[in-house]
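Student: I have a structure open and have not looked at it before. Can we go through it together?

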Amino acid sequence: LYNDSGYVKARGLAPVMFRYTEKQPRIEMPKGIKIYFYDNRQNETSTLTANFAKRDEASKIMEARNNVVVRNSKGDQLNTEKLIWNESTGKFSSDVFVKITTAAEVIMGDGFEANEDFTHYRILHPKGKLEIKNPDTLAGSN
């Protein structure tokens with residue numbers, strides 16, 4: 001469980017967990033992890049699954065790897081091979097290829113930032129063909 005100001009913010013489940021206490025205290029979950037994220041009313045806002053994860057105890061940063069999937073309550077889904085969760089800032093990030101699937105579109109690119117409920121996100125270097133439905137609504141258009 002991850003608590004903040006008396007509220008459960010996240011709950012993680014892992015079939016195997018190793019805790020290392022020497023030199024660099026960390027936790028490793030070599031057989032995968034599933035994390036449920038909650039708002040202040042204890043409503044589930046998003047989930048994260050991965051085939052491997054490790055958490056640095058000092059920095060409170062978790063790295064998830066291999067078949068990482070994040071889903072929000074709207075059904076949007078992120079797929080990537082590496083994701084960083086900074087517990088202190090409540091942010092997700094990645095520096096590798098990501099794919100976001102929503103009800104309306106599929107967006108791909110390299111690099112990613114989001115809040116931990118995965119409702120606000122941006123791809124740093126989008127890839128692929130983008131369709132602009134109304135170019136007159138773009139900033140700077142005449």
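Predicted model: local features only at pLDDT ≥ 70, side-chain atom pairs only at ≥ 80, totals over all residues.

Student: OK, secondary structure. How many helices and strands are there?

Tutor: There are zero helices and twelve strands.

Student: Let's take β6. Is that strand mostly covered or mostly uncovered?

Tutor: Strand β6, residues 44-50, is mostly covered. Five of its seven residues are buried.

Student: Which sense does it pair in with β5, and over how many bridges?

Tutor: Strand β5, residues 33-38, pairs with β6 in the antiparallel sense, over six bridges. One example is Ile33, whose bridge partner in β6 is Ala50.

Student: What lies between β5 and β6?

Tutor: Five residues, and the two strands form a hairpin. Gln42 sits in the turn and has a positive phi of about 70°.

Student: How does β6 pair with β8?

Tutor: Strand β8, residues 61-72, pairs with β6 in the antiparallel sense too, here over four bridges. Ser46 stands opposite Asn72 in β8.

Student: Where else is there a positive phi in a residue other than glycine?

Tutor: Lys23 has one, near 25°. Asn66 has another, near 65°.

Student: Why does Lys23 count as exposed?

Tutor: Because its relative accessibility is 85%, and the cut-off for exposed is over 50%. Asn66 has a relative accessible area of 38%, so it is partly exposed.

Student: New topic, the inside. How many residues are in the largest nonpolar core?

Tutor: That core has 24 residues. Leu48, Phe92 and Phe112 have the most contacts inside it.

Student: Which elements give two or more residues to this core?

Tutor: They are β4 (26-29), β5, β6, β8, β9 (77-86), β10 (91-101) and β11 (106-115). β8 gives the most, with four residues. As background, nonpolar side chains in soluble globular proteins tend to be buried together.

Student: Back to Phe112. Which residues does it touch, leaving out those up to four places away in sequence?

Tutor: Among them are Leu78, Leu83, Phe92, Val98 and Ile100. Phe112 also touches Phe118, Tyr121, Arg122, Ile123 and Leu124, as well as Ser93 and Ser94.

Student: What about contacts across the whole protein: how much comes from residues 24 or more positions apart?

Tutor: Those account for 30% of the contacts with a separation of 6 or more.

Student: Aromatics next. How many aromatic pairs does the structure hold?

Tutor: Four. Ring pairs link Phe37, Trp85 and Phe92 into a cluster. Phe92 has already come up as one of the core residues with the most contacts.

Student: Last one. Which residue lies over the face of Tyr20?

Tutor: Arg26 does, at 4.2 Å from the ring centre.

Methods
Residues numbered from 1 in each chain as written. Heavy atoms only, no water. Buried < 20%, exposed > 50% of the residue type's maximum accessible area, 1.4 Å probe, protein only. Pairing = 2+ DSSP bridges. Core = buried A, V, L, I, M, F, W, Y, C linked by side-chain atoms within 4.5 Å. Contact = heavy atoms within 4.5 Å. Phe/Tyr/Trp six-rings, centres within 6.5 Å; stacked < 30°, edge-to-face > 60°. Lys NZ or Arg CZ within 6 Å of the ring centre and 35° of its normal.
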